Amino acid sequence: MDQIAHKPFENVSFSVPEVLSRIRKHQDEVRDIVSAQNAEFMPNANDYRMLLESAKLLEADIKELVTTSSQLSVEKSSAAWSDLCQYQRDLEEGVRGYKIAKKLLSIHDLFDGLSLTGNAYEKRAHMLGKIKTLLDEIEDPVLPDLHCYQNLILRHEIEYATLVDDLNGNFDSLVTMQKRTFQNTKSVTIRICKDETELYQVVVALLKTQHNFRSVCRFLLEEVFAPVIVKPVSLICDEKSDEQHVLIQLSYQLAVAEELRPGYKTVLSNVTQIFYNLSNMNIVVSDDECLFKVFARQMKKELCDLLIDQCLERDIPGTIEGMKESPMVRDVCEFNEFLKTINFTDGQNDNRLDEYASSIESIHHKKLCENVLDSAVEMMKRESHEMVVIEEHEYQFAGTTDHFSSCMVTRTVVDLKKFLDKVLAEADAQGETSDRLIQTIATILERYTVDLPMANEKLLFKIPQQSALFRNDCTYLNYWLQKNDSKLKEHCSFASISEALEACGEDIFQHQLNNQRTQTMQALNGFELSNNLVELEPEHQRAVRQCIRQFELLKNVWQTVLPDPVYKQSISGLLDLFLREVIKRIQNLEDITTAIGNGLVLLIDIVKETLPKLFKETSDVHQLVKQWPKLLQLRQILCGSLVEITELWAEGKGPLTMCFSAEEVKHLIRALFQNTKQRQACIASIV
């Protein structure tokens, strides 16, 4: 029984060394072949075939031996168990060596087949791909340390580089791309061979080597499409005149004025024509892959961005009439459909132009409003010294009883008002654009209150006529707002803008009035009256005449510009300040000699003669200038007798009491007359 039980074990103990010996012999033979081939010596073909046959037989024996040894059942306590384990370890080691030898032999089998492919680029690429897969699959960590294995990797790299160089050379001969730069111009030429069979072989092989055509795409994008999009080009696309090639040629000026850039229709037409002719090299590899798809993955996003940013965006109409007539939305959609038809698709940006086309209307609205604002701002910046008369019927505020006479505004604000009328009419007619246009009107008026004062600061603050005109301009725009209140309030509130317009115009004009008050007071510095004076000096008369000339100048620039009520209020306020200061200085004198009194009367007569002429109706000076009656009564006091002054006082019931207090009259009597009984009686009667 023991002999029967150990008989299979004896077979294993005999077979394992024999198989290991055969494995080692096989490895040596493979090593010789590998070494010879890496040393550029070709093995004998018969030996090579015999080695492959023996490898198949050896692999069958190994499988049978492994199966047998795994099925043996031996007492673990027996010495045979220990021997069996050792044989199994030896066998595993031998199998490991066999697998390495088999892998090396398989790689060499592929390299041997590679040498037979010749110019069959697709087969070469396919076999190199299989070799790369085998080289990358490292089942045994010993493999990378083998010198011959590293040589195989190097050989693959050399073969791959040679294939790529061959393919690129052939592709460049089939599709030639050239550019030539001259002093002021540039020329680009593309010739595509019509031999589809050869082109197919080269392109398919390039794709199998995972070639990305980046340099071709970069050339097309930078040297062809970019200039076609941004410059006027001379483009020739010819498929027929040459039987061997398709020609694409363009030339253009290096420096081109901005206004000469081509319109979007020309650009899309040229790009379509170029793609149509490039399609002669659009090799279809499979249902899912073609050369244009490879191109699209490299450059479609950049091409779409270039079209949108440098062409379409610029050509979106900025006027309502232009947008109504523009077929841009349809043209862009049709162009995008063309790109899909020729399979220039990348799966990510294929709807980019369609999406942009759907946003063109919205961009137009924004552009329209930007153009409206730019036009209005440009209008505001014009230096307009031309004045336009605004008639009474036009200067009425809707819904009020205020009455304004005719006045003047600048031509600029009249043009701006007409422009706002047009914009508002468009807002009424437009649905989606309405709110944007109304908001743009608000922005225009807000900019008016900021930009105009800043741009014309010197004119507005220094020149009285300009400040008056600006006040009127602001009031005129405010009037326009109130007149169109029913149209505007439905969209947004213009109340704050109305207040800002009114405040802006009034602030500028009030600043001018303050300047005039300051000038009046400075001029009156020459009208200093002291108690030491014997008679009036020429400088006193000059000071008064200077003030009068100032008022006459204001009349010339304000009376026809400002509305009559505003003019009357403004000029009468300045006259009141002037008269109040003159009267106060006369009243402050302690002693008025006859010469001084006569001089003061002459000055008052000059004032009496000139100031009423500052008004259209001379009688207005009595109602509007509060200090006017007091000046006239002061003259009566200065040239009157004690009896006349007493009668004018009339025991507190005379005309003097309307402008002077009893103490003021007594003070003037003491300054004018010497201390006599008559003076005392007169003073006593004034209570």
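**Figure 1. Contacts across the whole chain.** Among contacts (heavy atoms within 4.5 Å) with a separation of 6 or more, 75% join residues 24 or more positions apart. This is a predicted model, in which local features need pLDDT of at least 70 and side-chain atom pairs count only at pLDDT 80 or more, while totals for chains, interfaces and linings use all residues. Residues are numbered from 1 along each chain as its sequence is written, and side-chain values use heavy atoms, leaving out hydrogens and water. Of the 687 residues, 45% are buried (under 20% relative accessible area, 1.4 Å probe, protein chains only).

**Figure 2. The largest nonpolar core.** A nonpolar core is a set of buried Ala, Val, Leu, Ile, Met, Phe, Trp, Tyr and Cys residues joined through side-chain atoms within 4.5 Å. Here the largest has 66 residues, and Phe213 is one of those touching the most other members. Helix α9 (residues 291-315) gives this core its largest share, 12 residues; helices are DSSP runs of H or I, at least four residues, numbered from the N terminus. Beyond four places in sequence, Phe213 touches residues including Phe171, Leu291 and Phe295.

**Figure 3. A close look at Arg585.** Welcome to helix α20 (residues 564-587), where Arg585 lies. Arg585 is buried, with a relative accessible area of 11%. A polar atom of the Arg585 side chain lies 2.5 Å from the backbone oxygen of Leu524, and the side chain of Arg585 also reaches the backbone oxygen of Phe527, at 3.1 Å. Leaving aside neighbours within four places in sequence, Arg585 is in contact with residues including Met521, Asn525 and Glu528.

How values were computed: Helices (H or I, at least four residues) and strands (E, at least two) are DSSP runs, numbered from the N terminus. Buried means under 20% relative accessible area, exposed over 50%, partly exposed in between (1.4 Å probe, protein chains only). A polar contact is a pair of N or O atoms within 3.5 Å; within protein, one must be able to donate a hydrogen and the other to accept it, and residues adjacent in sequence count only if both atoms are side-chain atoms.
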